[in-house]
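Student: I would like to go through this model term by term. Please set each value against its cut-off.

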Amino acid sequence: MFRFSNNVFKVSYFISAMLPTYSLFLLIVLTSHIDKFGFQFENIYNFTMQKFLLLFSIVLLISGTICLFIIKQKLRKIIDSSKTKVEREVELTSVVNPGLREFLLGILVPTVSTFSLSDSPVTAIVSFLFFNVILFLFYGQSSDFFPNLGLFLFGYSLIEGILDGRKILVFVQSKEIKHVLNSKQKVVFMGTGSPTKEIVGVYLEKNDGDK
């Protein structure tokens, strides 16, 4: 999806997109602890696997949140520096956030529920990280769309567009969607490759007087 984007954007987008999974991971760790020990927590200075799982899930959650803010800043920066980029007119369709349901059912839930944190915590963590790496390598070099639920909740959506007969994806602020569906709009591409090859762009917002 982001083959021509820089590595910082690729990693940040992927980690922020996995934020719902990390949140679910933390929820499972907490509920698992409550099932076993109730609401009692042992001495914080005594190392236990349960504490490691809790710390691990919190680190994932914080990392995903930080990456989400990085992505928002980068999208804003692309719009602000659009004068230095090549603008293209893109026919935006009515397809918004494609593949989100498949992501929730096919990736988010199986990623966490497949591994047993209570029976084999170390194996579960290693398998979870390995699965994340495989997903990143696949989507980093693929044209397939990788939904970002966290970014959607923070006010950005992706709309399918058509440029020179090929399908592309365009970041649009959710509040702007009703103004741009099924219309031609100015878009700048966010990667380092040629606009004729890239598949991800950013919609150039109009001033209120232009709408």
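**Salt bridges, cores and surface**

Tutor: Start with Arg76, which forms a salt bridge with Asp80; their closest N and O atoms are 3.6 Å apart. The model is predicted: local features need pLDDT of at least 70, side-chain atom pairs count only at pLDDT 80 or more, and totals for chains, interfaces and linings use all residues. Residues are numbered from 1 along each chain as its sequence is written, and side-chain values use heavy atoms, with hydrogens and water left out.

Student: Why is the pair Arg76 and Asp80 called a salt bridge?

Tutor: The term requires a side-chain nitrogen of Lys or Arg within 4 Å of a carboxyl oxygen of Asp or Glu. Arg76 and Asp80 have their closest N and O atoms 3.6 Å apart, so the pair meets the cut-off. Side chains of opposite charge can pair when their charged atoms come close.

Student: Where do Arg76 and Asp80 lie?

Tutor: Both are in helix α3, four residues apart, about one turn of the helix. Helices here are DSSP runs of H or I with at least four residues, strands are E runs of at least two, and numbering starts from the N terminus.

Student: What makes Asp80 count as exposed?

Tutor: Exposed means over 50% relative accessible area, buried means under 20%, and partly exposed is in between (1.4 Å probe, protein chains only). Asp80 has 57% relative accessibility, so Asp80 counts as exposed. Arg76 has 31%, so Arg76 is partly exposed.

Student: How many salt bridges does the structure hold?

Tutor: Three. In another, Asp164 pairs with Arg88, the closest N and O atoms being 2.9 Å apart. That pair links distant parts of the chain: Asp164 is in the loop between β2 and β3, Arg88 is in strand β1 (residues 87–96), and they are 76 residues apart. Asp164, at 58% relative accessibility, counts as exposed.

Student: What about Glu160 and Lys167?

Tutor: Their side chains meet in a salt bridge at 3.8 Å, N to O. Glu160 has a relative accessible area of 16%, so Glu160 is buried. Lys167 has 53%, so Lys167 counts as exposed.

Student: What is the largest nonpolar core made of?

Tutor: It has 38 residues, and those with the most contacts inside it include Tyr13, Leu75, Phe146 and Val202. The largest share, eight residues, comes from α3. A nonpolar core is a set of buried Ala, Val, Leu, Ile, Met, Phe, Trp, Tyr and Cys residues joined through side-chain atoms within 4.5 Å.

Student: Which residues is Val202 in contact with?

Tutor: Contact means heavy atoms within 4.5 Å. Leaving aside neighbours within four places in sequence, the contacts of Val202 include Leu75, Ile78, Phe171 and Met190. A second, separate core of twelve residues includes Ile159, Ile177, Val180 and Val187.

Student: What makes the nonpolar surface patch?

Tutor: Phe47, Met49, Phe52, Val122 and Val126 make a patch of about 480 Å². Patch residues have over 30% relative accessible area and no salt bridge; nonpolar side chains (Val, Leu, Ile, Met, Phe, Trp, Tyr) are joined within 5 Å, like charges within 9 Å. Accessible areas come from the Shrake-Rupley method with a 1.4 Å probe; for residues, only the protein chains shown count as cover. α3 (49–80) and α5 (121–140) each supply at least two of the patch residues.

Student: How much of the protein chain counts as buried?

Tutor: Of its 211 residues, 43%.
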